[in-house]
Amino acid sequence: TTYMFPPIRRDPAMTGQNERFTPEEAAENMLAYLRRERGEEAYEGYLRSILRGCTEPPGLDEGCVDPVDGRIRCRAGSASFWITWDAWMTPCGMMPEPKVDLREHDFPDAWKLLADTTSALRLSGVCKDCPNARICHPCAAVAYAETGSVSGIPVYKCKMTREMYRIASETLRDAENTVNNYRGGKEI
(Lines give C-alpha, C1' and ligand atoms only; values in the text may rest on other atoms or scores of the structure.)
Protein backbone atom coordinates (compact mmCIF):
# COMPACT_ATOMS: atom_id res chain seq x y z
CA THR A 1 0.00 0.00 0.00
CA THR A 2 1.15 3.53 -0.57
CA TYR A 3 -1.07 4.91 2.19
CA MET A 4 0.89 4.71 5.43
CA PHE A 5 -1.09 5.05 8.65
CA PRO A 6 0.42 7.45 11.16
CA PRO A 7 1.87 5.45 14.10
CA ILE A 8 -0.81 6.44 16.61
CA ARG A 9 -0.84 3.12 18.46
CA ARG A 10 2.81 3.63 19.34
CA ASP A 11 2.55 7.36 20.01
CA PRO A 12 -0.83 9.14 20.12
CA ALA A 13 1.00 12.44 19.60
CA MET A 14 1.75 11.26 16.05
CA THR A 15 -1.86 11.66 14.88
CA GLY A 16 -1.69 12.89 11.29
CA GLN A 17 2.12 12.78 11.25
CA ASN A 18 4.48 10.27 9.71
CA GLU A 19 7.65 9.96 7.70
CA ARG A 20 5.83 8.93 4.57
CA PHE A 21 5.08 9.86 1.00
CA THR A 22 3.36 13.17 0.45
CA PRO A 23 -0.27 12.62 -0.62
CA GLU A 24 0.79 13.38 -4.19
CA GLU A 25 3.66 10.86 -4.07
CA ALA A 26 1.35 8.25 -2.54
CA ALA A 27 -1.14 8.71 -5.40
CA GLU A 28 1.61 8.55 -8.03
CA ASN A 29 3.17 5.42 -6.51
CA MET A 30 -0.18 3.68 -6.04
CA LEU A 31 -1.10 4.22 -9.67
CA ALA A 32 2.37 3.14 -10.83
CA TYR A 33 2.00 -0.04 -8.77
CA LEU A 34 -1.43 -0.76 -10.27
CA ARG A 35 -0.02 -0.21 -13.76
CA ARG A 36 2.76 -2.76 -13.17
CA GLU A 37 0.48 -5.29 -11.43
CA ARG A 38 -2.54 -5.16 -13.72
CA GLY A 39 -1.07 -4.28 -17.09
CA GLU A 40 -1.77 -1.36 -19.39
CA GLU A 41 -5.36 -2.17 -20.37
CA ALA A 42 -6.59 -2.72 -16.80
CA TYR A 43 -4.64 0.34 -15.65
CA GLU A 44 -6.35 2.54 -18.24
CA GLY A 45 -9.68 1.07 -17.15
CA TYR A 46 -8.89 2.00 -13.55
CA LEU A 47 -7.98 5.56 -14.62
CA ARG A 48 -11.29 5.81 -16.48
CA SER A 49 -13.13 4.64 -13.37
CA ILE A 50 -11.42 7.43 -11.40
CA LEU A 51 -12.72 9.98 -13.89
CA ARG A 52 -16.21 8.41 -13.70
CA GLY A 53 -16.02 8.87 -9.93
CA CYS A 54 -16.09 5.25 -8.83
CA THR A 55 -13.24 2.79 -8.25
CA GLU A 56 -12.89 -0.49 -6.46
CA PRO A 57 -10.74 -0.06 -3.37
CA PRO A 58 -7.30 -1.58 -4.01
CA GLY A 59 -6.50 -3.99 -1.19
CA LEU A 60 -9.89 -3.73 0.49
CA ASP A 61 -12.86 -6.01 0.22
CA GLU A 62 -16.15 -4.74 -1.16
CA GLY A 63 -17.69 -4.62 2.31
CA CYS A 64 -15.36 -1.76 3.27
CA VAL A 65 -16.59 0.91 0.92
CA ASP A 66 -19.07 3.66 0.27
CA PRO A 67 -20.80 4.51 3.50
CA VAL A 68 -24.08 6.04 2.36
CA ASP A 69 -25.12 7.02 5.87
CA GLY A 70 -21.75 7.66 7.51
CA ARG A 71 -21.66 4.27 9.24
CA ILE A 72 -18.56 2.14 9.21
CA ARG A 73 -19.03 -0.40 6.41
CA CYS A 74 -16.10 -2.72 7.05
CA ARG A 75 -16.22 -5.64 9.48
CA ALA A 76 -14.53 -3.63 12.25
CA GLY A 77 -16.55 -4.04 15.40
CA SER A 78 -19.38 -5.88 13.65
CA ALA A 79 -17.79 -9.16 12.57
CA SER A 80 -14.15 -8.75 13.55
CA PHE A 81 -12.05 -7.31 16.34
CA TRP A 82 -8.47 -6.84 17.41
CA ILE A 83 -7.00 -7.72 20.79
CA THR A 84 -3.91 -5.84 21.87
CA TRP A 85 -0.99 -7.29 23.81
CA ASP A 86 -2.30 -5.62 26.97
CA ALA A 87 -5.82 -7.13 26.76
CA TRP A 88 -7.83 -4.39 25.10
CA MET A 89 -10.39 -5.29 22.44
CA THR A 90 -10.70 -2.76 19.59
CA PRO A 91 -12.75 -2.89 16.39
CA CYS A 92 -9.70 -2.73 14.10
CA GLY A 93 -5.97 -3.14 14.41
CA MET A 94 -5.57 0.40 13.12
CA MET A 95 -8.05 1.96 15.57
CA PRO A 96 -6.98 2.41 19.20
CA GLU A 97 -10.51 3.62 20.10
CA PRO A 98 -13.11 2.55 21.00
CA LYS A 99 -11.71 -0.13 23.26
CA VAL A 100 -12.91 -2.50 25.96
CA ASP A 101 -10.71 -3.89 28.73
CA LEU A 102 -10.84 -7.70 28.65
CA ARG A 103 -9.52 -7.83 32.21
CA GLU A 104 -12.76 -6.20 33.36
CA HIS A 105 -15.28 -7.86 31.00
CA ASP A 106 -15.79 -11.44 29.91
CA PHE A 107 -15.56 -11.97 26.16
CA PRO A 108 -19.30 -11.99 25.29
CA ASP A 109 -19.92 -8.80 27.27
CA ALA A 110 -16.81 -7.12 25.85
CA TRP A 111 -17.83 -8.04 22.30
CA LYS A 112 -21.38 -6.71 22.77
CA LEU A 113 -20.10 -3.47 24.29
CA LEU A 114 -17.57 -3.00 21.48
CA ALA A 115 -20.10 -3.84 18.75
CA ASP A 116 -22.67 -1.44 20.21
CA THR A 117 -20.12 1.35 20.55
CA THR A 118 -18.74 0.81 17.05
CA SER A 119 -22.19 0.77 15.45
CA ALA A 120 -22.82 4.24 16.88
CA LEU A 121 -19.70 5.73 15.24
CA ARG A 122 -20.19 7.95 12.18
CA LEU A 123 -17.77 9.26 9.60
CA SER A 124 -17.61 12.96 8.81
CA GLY A 125 -20.63 14.37 7.00
CA VAL A 126 -18.13 16.00 4.65
CA CYS A 127 -16.70 12.57 3.75
CA LYS A 128 -20.12 10.97 3.56
CA ASP A 129 -21.36 13.58 1.08
CA CYS A 130 -18.10 14.09 -0.81
CA PRO A 131 -18.36 13.56 -4.58
CA ASN A 132 -15.00 11.74 -4.41
CA ALA A 133 -16.09 9.26 -1.71
CA ARG A 134 -16.36 6.43 -4.24
CA ILE A 135 -12.74 7.03 -5.27
CA CYS A 136 -11.30 7.77 -1.81
CA HIS A 137 -13.30 5.11 0.08
CA PRO A 138 -13.39 6.84 3.48
CA CYS A 139 -12.36 4.61 6.36
CA ALA A 140 -12.91 5.14 10.08
CA ALA A 141 -9.36 3.98 10.85
CA VAL A 142 -7.86 6.44 8.35
CA ALA A 143 -9.99 9.29 9.71
CA TYR A 144 -8.92 8.42 13.26
CA ALA A 145 -5.24 8.10 12.34
CA GLU A 146 -5.22 11.39 10.44
CA THR A 147 -7.39 13.48 12.79
CA GLY A 148 -7.79 11.70 16.15
CA SER A 149 -11.51 11.14 15.49
CA VAL A 150 -13.49 8.80 13.23
CA SER A 151 -15.61 11.82 12.30
CA GLY A 152 -12.59 13.93 11.35
CA ILE A 153 -11.80 14.84 7.75
CA PRO A 154 -8.64 13.02 6.59
CA VAL A 155 -7.22 15.82 4.44
CA TYR A 156 -4.21 13.68 3.47
CA LYS A 157 -6.57 11.22 1.73
CA CYS A 158 -8.44 14.15 0.11
CA LYS A 159 -5.18 15.40 -1.39
CA MET A 160 -4.20 11.88 -2.46
CA THR A 161 -7.55 11.43 -4.21
CA ARG A 162 -7.31 14.78 -6.00
CA GLU A 163 -3.84 13.82 -7.23
CA MET A 164 -5.12 10.46 -8.50
CA TYR A 165 -7.81 12.33 -10.43
CA ARG A 166 -5.21 14.74 -11.86
CA ILE A 167 -2.92 11.90 -12.92
CA ALA A 168 -5.82 9.99 -14.48
CA SER A 169 -6.96 13.06 -16.44
CA GLU A 170 -3.46 13.88 -17.66
CA THR A 171 -2.53 10.29 -18.54
CA LEU A 172 -5.73 9.62 -20.48
CA ARG A 173 -5.56 12.99 -22.23
CA ASP A 174 -1.96 12.28 -23.28
CA ALA A 175 -2.91 8.79 -24.48
CA GLU A 176 -5.80 10.23 -26.51
CA ASN A 177 -3.49 12.85 -28.05
CA THR A 178 -1.00 10.14 -28.99
CA VAL A 179 -3.72 8.09 -30.69
CA ASN A 180 -4.98 11.16 -32.53
CA ASN A 181 -1.45 11.93 -33.78
CA TYR A 182 -1.20 8.55 -35.50
CA ARG A 183 -3.30 7.28 -38.37
CA GLY A 184 -2.75 3.89 -39.85
CA GLY A 185 0.44 3.49 -37.83
CA LYS A 186 2.04 6.63 -39.30
CA GLU A 187 2.73 9.81 -37.44
CA ILE A 188 0.94 12.83 -38.88
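## After helix α6

Just past helix α6, G148 has a positive phi of about 90°. The model described here is predicted. Helix α6 covers residues 140–147. Most of this helix is covered, with seven of its eight residues buried. The buried ones are A140, A141, V142, A143, Y144, A145 and E146.

## The chain as a whole

The chain holds seven helices and five strands. Followed along the sequence, their pattern is α-α-β-β-β-α-α-α-α-α-β-β. The chain has 188 residues, and 36% of them are buried.

Contacts also reach across the sequence. Take the contacts between residues at least 6 apart in sequence. Of these, 56% join residues at least 24 apart.

## Helices α1 and α2

Helix α1 spans residues 23–38, and helix α2 spans residues 40–52. Their axes come within 7 Å and cross at roughly 140°.

Which residues make the contact? From α1 come M30, L31, L34, R35 and R38. From α2 come E40, A42, Y43, Y46, L47 and I50. By type, the contact of α1 with α2 has eight nonpolar residues, three charged ones and no polar ones. An α-helix has 3.6 residues a turn, so residues three or four places apart point the same way.

Start with Y46, which sits in helix α2. Is Y46 buried or exposed? Its relative accessible area is 3%, so Y46 is buried. Y46 and L31 are 15 residues apart in sequence. In space, their C-alpha atoms are 9.0 Å apart. Both residues belong to the contact between α1 and α2.

S49 is also in helix α2. With 6% relative accessibility, S49 counts as buried. Leaving aside residues up to four places away in sequence, S49 touches C54 and T55.

Now move to helix α1, where N29 lies. N29 has a relative accessible area of 30%, so this residue is partly exposed. N29 and M164 are 135 residues apart in sequence. Yet from C-alpha to C-alpha they are 9.9 Å apart in space.

## A three-stranded sheet

Three strands form an open sheet, in the order β1-β2-β3. The pairing is antiparallel. As a general rule, strands of a sheet pair through backbone hydrogen bonds, either parallel or antiparallel.

Which strands stand at the edges? They are β1 (82–83) and β3 (100–101). Each has a single partner strand, so one side of each is left without a neighbour in the sheet. Strand β2 covers residues 88–90, and β1 pairs with β2 over two bridges. I83 stands opposite M89 in β2. Helix α3 (residues 107–119) lies across β2 and β3. Helix α3 runs at about 40° to β2.

## Loops with something to spot

The loop between β1 and β2 contains A87. Phi of A87 is near 75°, a positive value in a residue other than glycine. A87 has 21% relative accessibility. Buried means under 20%, so A87 counts as partly exposed.

P98 is in the loop between β2 and β3. The peptide bond from E97 to P98 is cis. Its omega is near -10°.

A further loop lies between α4 (125–129) and α5 (133–136), and P131 is found there. Is P131 buried or exposed? P131 is exposed, with a relative accessible area of 71%. P131 and C54 are 77 residues apart in sequence. Their C-alpha atoms are 9.6 Å apart in space.

Terms used: Residues numbered from 1 in each chain as written. Predicted model: local features only at pLDDT ≥ 70, side-chain atom pairs only at ≥ 80, totals over all residues. Heavy atoms only, no water. Axes fitted to C-alpha atoms, helices over the stretch in contact; angles between N-to-C directions. Helix = DSSP H or I, 4+ residues; strand = E, 2+ residues; numbered from the N terminus. Contact = heavy atoms within 4.5 Å. Nonpolar A, V, L, I, M, F, W, Y, C, P; charged D, E, K, R; others polar. Pairing = 2+ DSSP bridges. Buried < 20%, exposed > 50% of the residue type's maximum accessible area, 1.4 Å probe, protein only.
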